[in-house]
Amino acid sequence: MTDLPRKAITRTAKLAALPLGFAGRATWGLGKRIGGRPAEIVAREVQQRTAEQMFKVLGELKGGAMKLGQAMSVFESALPEEIARPYRAALTKLQEAAPPMPSRTVHTALEERLGPDWPELFQEFDDKPAAAASIGQVHRAVWHDGRTVAVKVQYPGAGEALLSDLNQLSRFARVLGPLVPGLDVKPLIAELRERVAEELDYELEAASQRIHVEEYAQDTEIVVPEVVHQSDQILITEWLEGVPLSQVIADGTQEERDRAGQLLARFLFSGASRTGLLHADPHPGNFRLLTGDAPDGPPEQWKLGVLDFGSVNRLPGGLPEPIGIALRMALEGDAAGVYDLMRGEGFVKPTIELDPDDLLDFLLPMLEPAQVDAFVFDRQWLRSQAARMADRHSPVYELGNQLNLPPAYLLIHRVTLSTIGVLCQLGATVRMRDELEAWVPGFAVDPESEDRAEADAEADAEEGPAADAGEKAADGAEEAPEAAETSA
């Protein structure tokens, strides 16, 4: 590959090949079965070929095509194992790398953005990219002051390619369904399209990253690399050495998985509270496990490195308090309270009537991670949830279709689901309830309000007998004149 394919007609033809190729392989599979080959073996071959073509097309095109592939990759945990297996290797490749653009293109971009003397800004510059993603690729270099840095260079024509891809993909989203069964692709594409402008704006990304750097500078568990230099379509940050989360997923120890999972959950929930920003691109390629001077443990010394702040959700007040309140009430079994709150927030439209107990039964299985001190996230649990929601003959499916997702919660919902997908890929044991209590407004009962409630209850208990006696005495006094008049 010599450059980012930019001609719309070329990209459209390649993207159209995905569903057409799937249809062709399905026909090929039918022929093989008619020819006597076992259906299971044929299906596996069809799925494998589909996965290989998907990676090839989405990876080569980069842009919105690869962005969709990365977003899809974190959901493979929810698929039945016989379907997920052939997709897993292909999709997880999209989390860390894609075919690179050539050195001459990189040098031209650096010259345009940093000036003709750009090589003098670096002591060293590695032409071979360390990572290649959807809208840019990263090169390792040594800045003129001796710091090792990551130089992110945006692909020429990336903006045009992103919009073109996502518009084209949305046209045949329904046909793409079989590529990853069980995933509703259309709303995912729509949400990704809304984030395009932000992801292309490296100035905005640098500002978001600096906010996180300042907030987490003294943190002993979360590391965010400092921004060294930023210009249009070039972003230079300090290099972050560590084990990519995709590698931990592939062959990490259980200790590494558990530590990475706990810190990922901590960052997800603490970030919005501490910075007013929610990191909205939680695929594994954006995280590193930093073992530092303690590669063999203890795990408590390992940190989580966070990269790529191009996509964030701005939440000045942190996560919305109704989320925490609804979670707490659901775990307390307050069906009526959950129903009223969700109706008030727009999850249940005014024209829809639901049974509060049915709604609670719908929600509780998904809240299992918050019901115990430590929860084991695994693919089997996520698959069971996905199967429960996808069963068209189930009341759960009917109820789910009647619920609404308000625009203010769309990105929060997607980020949360994606993070859960990554936790299940890790197979991590996570103390999720601890993170909810620490960072989600409304989830933990306010100690002051709890004390006030107890004090009020005690006061009511103490005043009860006296109040009753006073009321009875007053009733007697009112009745006395009437009795006197009667006797007279």
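**Note on salt bridges, a sheet and a charged patch**

1. E221 and R259 form a salt bridge (a side-chain nitrogen of Lys or Arg within 4 Å of a carboxyl oxygen of Asp or Glu), their closest N and O atoms being 3.5 Å apart. The pair links distant parts of the chain, 38 residues apart: E221 is in the loop between α10 and β5, and R259 is in helix α12 (residues 254-275). Helices (H or I, at least four residues) and strands (E, at least two) are DSSP runs, numbered from the N terminus. E221 and R259 also belong to a network of salt bridges with R266 and E435.

2. The model is predicted: local features need pLDDT of at least 70 and side-chain atom pairs pLDDT 80 or more, while totals for chains, interfaces and linings use all residues. Residues are numbered from 1 along each chain as its sequence is written, and side-chain values use heavy atoms, without hydrogens and water.

3. The structure holds 16 salt bridges. One of them joins E205 and K152, with the closest N and O atoms 2.8 Å apart. E205 lies in helix α10 (residues 202-216) and K152 in strand β4 (residues 148-154), 53 residues apart. E205 is buried at 2% relative accessibility (buried means under 20% relative accessible area, exposed over 50%, partly exposed in between; 1.4 Å probe, protein chains only). K152 is also buried, at 15%.

4. An open sheet of four strands runs in the order β5-β11-β10-β8, with mixed pairing (two strands pair if DSSP finds at least two bridges between them). Its edge strands are β5 (222-223) and β8 (243-244). Within the sheet, β10 (residues 287-290) and β11 (residues 303-306) pair in the antiparallel sense over four bridges.
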